[in-house]
Amino acid sequence: MMKRKMLLPLAAVVLAAAFFAYWFFFSKPTAFPVNEQAVAEINRTFPKAYSRTIQEAIKLDDRHMVLPFISKVKNYGLSYWVWRNHKWNVVSVDTNGKPSIWKINPADPSSYYLIWNLKPEHPLNSIDFYLIGERGYHISGGIEDYQPRVQMKEKISLREKSYGAVKLTKQWTAAIQVLSQAESAKNSDMLTMDLFPEASMFIGWIPYDKAGKESNVMFDGPSYSTSYEAIEELRPINESDMERP
């Protein structure tokens, strides 16, 4: 009887702990903060952002948001948000809005987004994003293997909005998976394997002005990022780097 009396409070504690853990880690996101609250949270997280105006709250999925913003000094920046630990958290702030990729699930290329926020007064008309897989050649076990170059383009118009976030296309996702498998197959060291090896595969971008000519964009400004989100700046490239048929 005494043992039963002791087990009941213990069971209650376990249930309460389980309920709290579920509430804290797995509960559905609440409504996203209104713009004024979002501006305050960006500046609280990274005071050098000087955020003033939210341009748009872009929902990537139920737990990930991107908010392009304009600062008090007219910089065009990006803030990255994640629903974690029962609150919306600012996990990264970029005050210059340069094109980046957010690998929401690094193991799943279908979760990757291209994100940018360029100054509208800059006379840009479009961006060409390129997925590049470099040529490769190796011999393993006496078997020769040649990896051809991969070059895939995605054009983004900036006529209506100078900011945005787009999910990688199915074609790009499939290409990344194939290239990653090929890279893994020739890498015998499991500790150095990477789903998206920068040495042989990357995403670059080329901006174009309203006359359709390749343009140069300079970026300057501080940034903030936590270490647990895979957000990477994209490599600027030139037309001369591209191969033509």
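These legends describe close-up views of a predicted model. Residues are numbered from 1 along each chain as its sequence is written, and side-chain values use heavy atoms, with hydrogens and water left out. Because the model is predicted, local features need pLDDT of at least 70 and side-chain atom pairs count only at pLDDT 80 or more, while totals for chains, interfaces and linings use all residues.

**View 1. Helix H2 and its buried face.**
Helix H2 spans residues 35–45. Helices (H or I, at least four residues) and strands (E, at least two) are DSSP runs, numbered from the N terminus. Which residues of H2 are buried? They are Ala38, Val39, Glu41, Ile42 and Thr45. Buried means under 20% relative accessible area, exposed means over 50%, and partly exposed lies in between (1.4 Å probe, protein chains only). Seen down the axis of H2, the buried residues fall within an arc of 165°, so they line one face of the helix. The arc is taken from the directions from the helix axis to the C-beta atoms. Glu36 and Arg44 are exposed, on the face turned away from the buried side. The buried residues of H2 pack against strands E1 (51–54), E3 (64–71), E4 (76–84), E5 (87–94) and E14 (223–225).

**View 2. Asn89 in strand E5.**
Asn89 lies in strand E5. Its relative accessibility is 17%, so Asn89 counts as buried. Leaving aside neighbours within four places in sequence, Asn89 is in contact (heavy atoms within 4.5 Å) with Tyr80, Trp81, Val82 and Arg84. A polar atom of the Asn89 side chain lies 2.8 Å from the backbone oxygen of Arg84. Asn89 and Glu41 are 48 residues apart in sequence, and their C-alpha atoms are 8.5 Å apart in space.

**View 3. Gly77 in strand E4.**
Strand E4 holds Gly77. Is Gly77 buried or exposed? Gly77 is buried, with a relative accessible area of 0%. Not counting residues up to four places away in sequence, Gly77 touches several residues, among them Leu67, Phe69, Asp94 and Asn117. Gly77 and Asn216 are 139 residues apart along the chain, with 18 Å between their C-alpha atoms.

**View 4. Ser111 in a loop.**
Ser111 lies in the loop between strand E6 (100–103) and strand E7 (112–117). At 12% relative accessibility, Ser111 counts as buried. The Ser111 side chain reaches the backbone oxygen of Asp108 at 2.8 Å. Not counting residues up to four places away in sequence, Ser111 touches Trp102, Ile104, Asn105 and Lys167.

**View 5**
Strands E9 (residues 136–140) and E10 (residues 143–147) pair in the antiparallel sense over five bridges. Two strands pair if DSSP finds at least two bridges between them. Ile139 has Glu144 in E10 as its bridge partner. Two residues separate the strands of this hairpin, and Gly141 in the turn has a positive phi of about 60°.

**View 6. An open sheet of four strands.**
The strand order is E11-E8-E13-E16, with mixed pairing. Strands E11 (150–157) and E16 (235–236) stand at the edges, each with a single partner strand, so one side of each is left without a neighbour in the sheet. E8 (residues 124–133) and E13 (residues 201–209) pair in the antiparallel sense over nine bridges. Asp128 stands opposite Ile206 in E13.

Technical notes. Polar contact = N/O pair within 3.5 Å; in protein donor to acceptor, adjacent residues only side chain to side chain.
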